[in-house]
Protein chains: 2
Amino acid sequence: MADSIIERLRAGGKKLTKARRAILEALERSSVPITAGELHARLRKVRVPIDLVTVYRNLGMLQKLGLVTAVGLHDGQMRYEVRHGREHHHHIQCRGCGKIVDLMLCPIKKLTAVVEAKTKFAVESHTLEFFGWCPQCR
Amino acid sequence: MADSIIERLRAGGKKLTKARRAILEALERSSVPITAGELHARLRKVRVPIDLVTVYRNLGMLQKLGLVTAVGLHDGQMRYEVRHGREHHHHIQCRGCGKIVDLMLCPIKKLTAVVEAKTKFAVESHTLEFFGWCPQCR
DNA sequence: TTGATAAATGCAAACCATCTGCATTTTGGG
DNA sequence: CCCAAAATGCAGATGGTTTGCATTTATCAA
């Protein structure tokens with residue numbers, strides 16, 4: 001696990017527990033955002049039987065610290081991915097099989113100024129997700 | 001209510017009930033996407049006391065017919081807006097007060113081809129939402 | 001190393017948005 | 001006006017997520 005992650009936890013007065021370490025490692029192993037339930041199942045497979053509540057609490061906390069990002073794909077649950085060491089990006093999900101693929105692009109940065117001028121809001125973040133049909137499902 | 005809406009309902013074998021008409025009218029009155037609960041409350045105010053379940057069922061159906069669009073702002077519930085007669089657009093929401101403003105722009109159309117080339121997916125739709133701080137809250 | 005203490009965990013139960021089943025009512029075509 | 005299909009209301013279920021509380025664990029200073 002990266003030192004910078006541990007530092008950020010310390011800075012937030014957080015401890016590095018067995019559960020927390022396992023959660024972060026599982027997230028780092030995943031190439032696409034996963035749900036709390038999926039994360040919970042994977043931890044069980046790796047013999048780290050953490051309570052689902054603990055998963056939720058950690059995800060919430062890690063989000064607040066900016067170590068984890070939440071992704072909503074409108075299927076009734078949130079997904080999470082580590083932010084550390086990964087570039088800002090977006091996703092596309094198949095409407096058939098649910099497969100998710102990272103999209104290493106972002107056309108929004110240039111647009112922020114326009115949005116701020118139009119709305120007088122201070123833009124803080126954005127979400128951008130694509131939906132479609134993967135090669136197998138179309 | 002626009003004739004084209006009624007036509008689309010007919011084409012789908014749907015009836016134009018009092019409840020349904022009221023739901024569509026309430027949605028047309030709203031300039032930004034609202035939740036099922038908010039919609040339900042507004043209907044009550046207009047003396048159309050429909051069951052919340054009916055609101056949900058209608059929203060689901062109208063979505064399938066393409067008359068209504070669902071918007072997810074990651075606050076634990078979906079929001080809905082009429083699609084008929086309105087241009088494709090996106091939104092920005094204030095992290096302070098929750099205020100939502102329409103953003104009549106979309107930088108994504110040009111990007112679809114790029115995404116399809118990169119992923120081999122057939123892109124069907126996308127979501128794009130901004131978050132920030134409104135003039136009053138920042 | 002030990003002890004104190006704040007943080008973290010597990011378990012049970014609560015919450016909340018949303019959906020389902022079913023009996024009853026309403027709509028629209030014939 | 002009648003009737004079948006569609007729609008509604010009510011009650012209760014569902015599933016993701018959160019909260020309360022007693023117990024355990026990580027950290028740090030002595």
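Here are two friendly exercises on this predicted model, each with a worked solution.

**Exercise 1.** Work out in which order the six strands of the open sheet stand, and why one side of some strands is left without a neighbour.

*Solution.* 
Step 1: Start by walking across the sheet. The order is β5(A)-β4(A)-β6(A)-β6(B)-β4(B)-β5(B), with mixed pairing.
Step 2: Now look at the edges. β5 (100-103) of chain A and β5 (100-103) of chain B stand there with a single partner strand each, so one side of each has no neighbour in the sheet. From one strand to the next, the twist averages 25°.
Step 3: Zoom in on one pair. In chain A, strand β4 (residues 90-94) and strand β6 (residues 122-133) pair in the parallel sense over four bridges. Within these strands, C94(A) is found opposite G132(A).

**Exercise 2.** Find out which residues are closest to DNA strand D and which of its oxygens meet the protein.

*Solution.* 
Step 1: Gather the surroundings. DNA strand D is surrounded by 24 residues, and the closest are Y56(A), K15(B), T17(B), R20(B) and T54(B).
Step 2: Check the distances to phosphate oxygens. A polar side-chain atom of T54(B) is 2.5 Å from one, while a backbone N or O atom of M78(A) lies 2.9 Å from a phosphate oxygen.
Step 3: Turn to the DNA atoms. Of those within 4 Å of the protein, 67% belong to sugar or phosphate, and the rest to bases.

Note on methods:
Residues numbered from 1 in each chain as written. Chains lettered and ligands numbered in written order. Predicted model: local features only at pLDDT ≥ 70, side-chain atom pairs only at ≥ 80, totals over all residues. Heavy atoms only, no water. Pairing = 2+ DSSP bridges. Helix = DSSP H or I, 4+ residues; strand = E, 2+ residues; numbered from the N terminus. Axes fitted to C-alpha atoms, helices over the stretch in contact; angles between N-to-C directions. Near = heavy atom within 4 Å. Polar contact = N/O pair within 3.5 Å; in protein donor to acceptor, adjacent residues only side chain to side chain.
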